Amino acid sequence: MEEYLYLSPVTWQNDWPMMGVNGKAPVTFEIDGGFAGTQLAKDDDFSYSENKLKLEWQWNHNPDNSAWSVTEREGWLRLKNKNIASELLKARNTLTMRTEGPACSGIVKLDASNMKVGDYAGLSAFQFNYGNVGVYVADNGEKRIYMANNGGYSNNANVTDSRNNIVEETKLSGNEIYLKADYRFANVTSDGSSSNNIDKVNFYYSYDGSSWTKIGKEIGMTYDLKLFTGYRNAIFSYPTKTTGGYADFDFFDYEREEWNAPNIVEPDPDGYFFHNTFESSTEKWSGRGSASAASDSKDSYAGSASLLCSGREANWNGAVRSLSAGTFKAGEEYSFSTVVKYDEGPASQTFYLTLQYDKDDDTFYDKIAIVDNVPKGEWIQLSNTNYKIPEGASNLQFYVETAEDAYDFRVDEAIGAPAGTVIDGPRAVPVILGDVNGDLVIDSFDMTAARKALLAGKFDDARLKKSFDVNRSGKCDVADLLLIQQFVLGRISEFPIEESIVTEGPSVHYSMAEYTKLVEEKVVNREPDSSHQEKSGVKYGTVKSGTYYSTTCKRNKPFNILPPANYDENKKYPVLYCMHGYWENQDRMIIKGNGTMYTRQIIGNAIAEGKAEDMIVVFPYIYSSATQADCSAMDDANNAAYDNFINDLTKDLMPYIEKNYSVKTGRDNTAITGFSMGGRESLLIGMQRPDLFGYVGAICPAPGVTGSFSWKSGEEPHLLFITAGSNDQTVYNIPSGYNDSFTKNNVPHIWHYVEGGYHGDNSIHAHLYNFVRTLFKA
């Protein structure tokens with residue numbers, strides 16, 4: 001076991017040194033003078049000008065110095081497999097660094113491109129009873145992600161009895177993978193006390209550096225003097241069959257939970273906590289989702305290189321880096337900035353600088369900075385001089401993404417600094433209503449540009465669309481052109497906002513494709529926390545329970561209903577039917593979820609903000625069997641009872657709601673959505689009864705949807721909105737298959753892929769936040 005190191009005050013009594021305060025070692029104490037602590041472990045991006053590692057690193061054995069390098073591949077540690085070993089403890093060039101309590105983690109990015117059959121490489125929780133997460137190359141050449149422990153370890157075993165025991169493995173897709181070891185030694189409470197002897201370590205892998213998958217089993221950290229070392233993070237690569245292969249590691253990221261940690265973080269001479277210009281490496285940045293990130297010298301804003309983010313498949317695929325919890329603290333303000341540029345795609349688009357963070361066992365997303373009109377081919381700054389990290393936030397991920405599209409983009413001069421720090425950068429041209437050509441003047445040239453765009457019927461430039469829509473109606477049309485003409489001629493001095501016209505049923509202004517494109521521009525990945533709050537001065541609807549007689553089921557069935565806050569029987573309202581999943585009931589989507597269901601608040605706030613129509617929301621019990629009241633198993637017979645809800649809905653529930661509540665009828669005024677099995681039913685019902693439902697949604701829909709995955713011309717709904725979660729461990733990629741089926745049939749639809757979304761509340765909330773804002777407006 002390694003010796004523990006402490007600082008403790010000493011006083012002298014009768015010429016004898018007395019340790020501590022009143023005979024005890026204090027949790028904290030002050031030292032006179034300007035002393036700064038040091039770290040036993042720290043990050044390393046492996047950017048070296050010579051082959052000489054930082055002093056925090058230690059080799060397990062005397063290294064073969066011809067078999068490692070930090071200069072052969074700039075910004076990478078290369079471990080060459082020159083010495084055959086049967087398992088980790090016999091491997092020669094294993095590079096280690098201390099771990100620290102109460103908890104810490106080590107993360108590496110491994111490039112396995114040049115590993116050979118029988119090679120093993122990765123990250124270890126290193127001791128006699130070790131645990132490894134890494135990649136090995138099987139005899140057939142397939143690369144496998146694996147977690148292993150020491151199969152030869154026991155209290156009576158010798159170190160020479162060690163053997164590699166693979167606990168779990170899975171196929172590696174591609175050649176690059178992120179690996180993480182999470183250590184927990186103790187839990188520390190706010191008063192400084194701790195629960196000791198937890199001593200557990202878990203292992204994870206990730207393809208994007210932010211969404212992690214646990215692999216293998218938890219290891220109990222046991223300290224054995226046969227291997228005289230505490231547990232250490234260890235980067236390893238060794239061959240078991242032939243030499244000549246090698247593994248490359250892009251960086252080592254070390255995070256430690258606070259526990260009397262020395263406060264040594266100081267801004268650099270420029271006043272910055274970090275300043276990334278990507279001159280020779282990614283500097284702790286990586287690709288998010290499908291994207292990859294690389295230092296590239298073909299274009300730059302500061303210095304001679306920038307970070308190229310390529311291979312994007314969705315708008316949220318971007319460039320990401322972790323923020324150190326020791327530097328960036330929840331509840332405190334900081335200044336953040338970066339500059340971005342893109343060279344392909346629309347003439348302008350919206351960029352986000354976003355913070356992803358964990359809180360209360362959930363993942364949230366907050367916009368640090370938004371720039372709506374980043375023009376193609378120009379460097380533009382995203383910045384916020386006083387951004388407050390949310391209270392209680394942890395696991396901070398700082399990233400750049402776009403509002404839509406998936407074109408490559410570049411990031412340069414990324415900076416984190418103390419609050420109030422003003423960082424110079426190129427600013428975007430503001431959107432001025434009527435300034436269609438972007439010259440900051442409203443004149444006859446703008447009329448010409450507006451006519452051309454209107455005749456083309458196409459607005460690729462997001463900035464042009466915003467400046468053209470002078471009456472803020474949400475569409476660019478002749479009314480806007482006439483207003484611009486009147487402004488240029490001096491007949492009006494400002495642009496009026498179009499007044500809403502109340503009608504019994506909305507007139508259809510858009511095709512499915514047109515309306516889908518309008519909706520796409522406004523979809524957010526996750527709802528803001530504020531949408532969950534009941535706000536002063538806002539009235540919210542009251543949930544009511546009821547029953548109706550089902551001729552389909554031959555009995556009374558329950559439902560919940562949420563009328564709008566100011567429900568008036570003399571006014572008619574559109575209706576949304578919202579359905580639960582397998583084994584659940586009418587309470588799931590409004591009253592009882594995995595945690596607190598915020599459906600009532602999300603809808604109420606959207607209506608109060610004028611972002612959603614007043615509506616009635618019905619939450620039915622969708623299990624519909626004439627022979628049994630409730631689901632009894634997950635099998636074909638019970639599946640059929642769920643599929644039978646289409647009859648119960650159309651023959652019994654909808655007529656009951658229309659008779660007993662003041663509702664608008666017809667497909668323009670009726671929407672349907674559902675979660676899991678309810679999502680499956682929503683898609684099935686939406687395709688089978690296009691005459692009844694003009695808006696169709698689905699949240700993490702279950703398998704079993706059949707049909708054409710299309711509609712006849714003229715029968716299309718106004719909108720199809722499918723939500724899926726990136727961390728759905730129940731239906732996995734089933735929703736993606738539905739998305740592919742509709743895409744293959746050229747059906748316009750929204751594919752809402754919630755980053756960090758699981759099979760439950762956070763995907764439901766994100767869907768409802770977006771979906772209710774789109775309803776009854778086409």
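## The loop holding H532

H532 is found in the loop that runs between α4 (512-520) and β31 (544-550), and in this predicted model H532 is buried, with a relative accessible area of 14%. Beyond its neighbours within four places in sequence, H532 is in contact with E527, Y598, Q601, I602, N605 and H765.

## Salt bridges around E609

K535 forms a salt bridge with E609, with the closest N and O atoms 3.5 Å apart. Because K535 lies in the loop between α4 and β31 while E609 lies in the loop between α5 (599-608) and β34 (616-620), the pair ties together parts that are 74 residues apart in sequence. K535 counts as partly exposed at 29% relative accessibility, and E609 counts as partly exposed at 40%.

The side chain of E609 also meets that of R773 in a salt bridge (3.2 Å, N to O), and this pair links distant parts of the chain, since R773 belongs to helix α10 (residues 761-774), 164 residues apart from E609. R773 counts as buried, at 17% relative accessibility.

## A network of charges

The structure holds 28 salt bridges, and a network of them links E72, R73, R78, K80, D111 and D248.

## Confidence

The mean pLDDT of the protein is 89, and 93% of its residues reach 70 or more. However, pLDDT stays under 50 over residues 260-264 and over residues 499-508. Where pLDDT is low, the predicted coordinates should not be read in detail.

How values were computed:
Residues are numbered from 1 along each chain as its sequence is written. This is a predicted model: local features need pLDDT of at least 70, side-chain atom pairs count only at pLDDT 80 or more; totals for chains, interfaces and linings use all residues. Side-chain values use heavy atoms; hydrogens and water are left out. pLDDT is the predictor's confidence in each residue, from 0 to 100. Contact means heavy atoms within 4.5 Å. Helices (H or I, at least four residues) and strands (E, at least two) are DSSP runs, numbered from the N terminus. Buried means under 20% relative accessible area, exposed over 50%, partly exposed in between (1.4 Å probe, protein chains only). A salt bridge is a side-chain nitrogen of Lys or Arg within 4 Å of a carboxyl oxygen of Asp or Glu.
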